[in-house]
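Me: I would like to learn how to read this structure one feature at a time. Could you take me through it slowly, with the general idea before each case?

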Amino acid sequence: AAGIAALLFPSPTGPRVLNNARVDHNDFFRNSFGIRLGASADLAVDYNTSLEDSTWMRNGGVVDSAFVHNRISSAALDGIVFIPLGGTGAPNENVVVSHNEIVGLGGDGIQVAPIFGRLALIDSLISHNAIANNGRDGIRIEGGSGSGNLLGNNELTGNAEHDCHDDTVGAGTGGTANTWVKNTADTQNRPDLCEGATVTAAP
């Protein structure tokens, strides 16, 4: 179950969406999903706490929104996930993910994942997040999932596979489709993503 859900469902009256709304100062505990958002716009999700949700947040087709100042810990899977919107395949666009603390999860802190080769996150900002001690990657952008995104001033450490991981291909940092600047970390899957990080193979 999801604590808060605004999902795209086919119906005679059209999709259900959440627009021009704020989700703030909530405590989420042991949900399958704390928040699931689809086809939504102009949202602020801030100052929430997630403890032991399987995945705290999964977004598809969200635009012009901000996810800031949240604390996510001890999830079985992932913290914040971006996927294409079901059906239309629309990406998340013009999203800000900033000043979140994401620690001690079983999977990724922030994950961007394609479905059927469709982009999941474009023209967005991931900055000033503290992401540590997660079971796979701190920030993970899978091949073909994101482009035109700026990742800056994130602090990542102790993530089991890589602190910084980007499999996209393009004219961005390190041959990715995104720009990485002033991130600090210990490990990365390719050069130049994060300052002070060593390129390491996946364990």
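Reply: Let us begin with contact, which means heavy atoms within 4.5 Å. The model is a predicted one, in which local features need pLDDT of at least 70 and side-chain atom pairs count only at pLDDT 80 or more, whereas totals for chains, interfaces and linings use all residues. Residues are numbered from 1 along each chain as its sequence is written, and side-chain values use heavy atoms, with hydrogens and water left out.

Me: Which residues does threonine 176 touch, not counting those up to four places away in sequence?

Reply: Threonine 176 touches Asp166, Thr168, Val169, Gly170, Ala171, Arg190 and Leu193. This threonine lies in the loop between β21 and β22 (179–181), where strands (E, at least two residues) and helices (H or I, at least four) are DSSP runs numbered from the N terminus.

Me: Is threonine 176 buried or exposed?

Reply: Buried means under 20% relative accessible area and exposed over 50%, with partly exposed in between, using a 1.4 Å probe and protein chains only. Threonine 176 has 0% relative accessibility and therefore counts as buried. Leucine 193, found in the loop between β23 and β24, counts as buried too, at 1%, and its contacts beyond four places in sequence include Cys164, Thr176 and Trp180.

Me: What lies 2.8 Å from a polar atom of the side chain of threonine 176?

Reply: A polar contact is a pair of N or O atoms within 3.5 Å; within protein, one must be able to donate a hydrogen and the other to accept it, and residues adjacent in sequence count only if both atoms are side-chain atoms. Here the backbone oxygen of threonine 173 lies at 2.8 Å from a polar side-chain atom of threonine 176, and the backbone oxygen of asparagine 178 lies 2.9 Å from such an atom.

Me: How many disulfides does the structure hold?

Reply: A disulfide is a covalent bond between the sulfur atoms of two cysteines, and the cut-off used is a pair of cysteine sulfur atoms within 2.5 Å. The structure holds one, formed by cysteine 164 and cysteine 194 with their sulfur atoms 1.9 Å apart. Cysteine 164 lies in strand β21 (residues 162–166) and cysteine 194 in the loop between β23 (187–188) and β24 (198–199), so the pair ties together parts that are 30 residues apart in sequence. The torsion about their S-S bond is about -100°, so the disulfide is left-handed, and both cysteines are buried.

Me: In what order do the six strands of the open sheet come?

Reply: Strands of a sheet pair through backbone hydrogen bonds, either parallel or antiparallel, and two strands are said to pair if DSSP finds at least two bridges between them. The order is β3-β6-β9-β12-β16-β20, with parallel pairing. Because β3 (27–29) and β20 (155–157) stand at the edges with a single partner strand each, one side of each is left without a neighbour in the sheet. Within the sheet, β12 (residues 101–103) and β16 (residues 130–132) are joined by three bridges, and isoleucine 102 has isoleucine 131 as its bridge partner in β16.

Me: Which residues touch the most other members of the largest nonpolar core?

Reply: Such a core is a set of buried Ala, Val, Leu, Ile, Met, Phe, Trp, Tyr and Cys residues joined through side-chain atoms within 4.5 Å. Phe67, Ile80 and Ile139 touch the most other members among its 34 residues. Elements giving two or more residues to this core include β5 (41–46), β11 (92–98) and β17 (137–141).
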